[in-house]
Amino acid sequence: MRFMVIVKASKSSEAGALPSQELIAEMGKFNEELVKAGVLLAAEGLQSSSKGARVKFVGEKRIVTDGPFAETKELVAGFWLWKCASLQVAIEWIKRCPQSYARR
């Protein structure tokens, strides 16, 4: 089964702030473990919402709103695409994610 793990945006990710070197190293190690286990299919960070747009479909109309968007709780900063035998296995992997990354 494939699972998408979504990384929520934060004020710092929207501002383009890079994580600490320590966190980058921790995440690199975690991603290497995912690769070695054959779990990681893709992992990407996304541009801040200031470089994006939303398209709303209203009947035949398309309404385009350019970023940035103020509500970071509604934004995605990145994602992982994993291949795991079950939801439980995916949950066990995400529990191993460095905690400081989840709070970023």
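Phe 30, Trp 80, Trp 82 and Trp 93 form one aromatic cluster, where rings of Phe, Tyr and Trp (its six-membered ring) pair if their centres lie within 6.5 Å. The model is predicted, so local features need pLDDT of at least 70 and side-chain atom pairs count only at pLDDT 80 or more, while totals for chains, interfaces and linings use all residues. Residues are numbered from 1 along each chain as its sequence is written, and side-chain values use heavy atoms, with hydrogens and water left out.

**Aromatic pairs**

- By this rule the count comes to four aromatic pairs, and one of them, Phe 30 with Trp 82, is edge-to-face at 6.4 Å centre to centre and 65° between the planes (planes under 30 degrees apart count as stacked, over 60 as edge-to-face and the rest as tilted).
- Because Phe 30 lies in helix H2 (residues 21-36) and Trp 82 in strand S5 (residues 76-83), the pair ties together parts that are 52 residues apart in sequence; helices (H or I, at least four residues) and strands (E, at least two) are DSSP runs, numbered from the N terminus.
- Trp 80 and Trp 82 form a tilted pair, 5.6 Å centre to centre with 40° between the planes.

**Burial**

- Phe 30 is buried at 2% relative accessible area, Trp 82 is buried at 0%, and Trp 80 is buried at 4%, where buried means under 20%, exposed over 50% and partly exposed in between (1.4 Å probe, protein chains only).

**Hairpin**

- Strands S3 (residues 53-58) and S4 (residues 61-66) run antiparallel and are joined by six bridges, and two strands pair if DSSP finds at least two bridges between them.
- Two residues separate S3 and S4 in this hairpin, and Gly 59 in the turn has a positive phi of about 60°.
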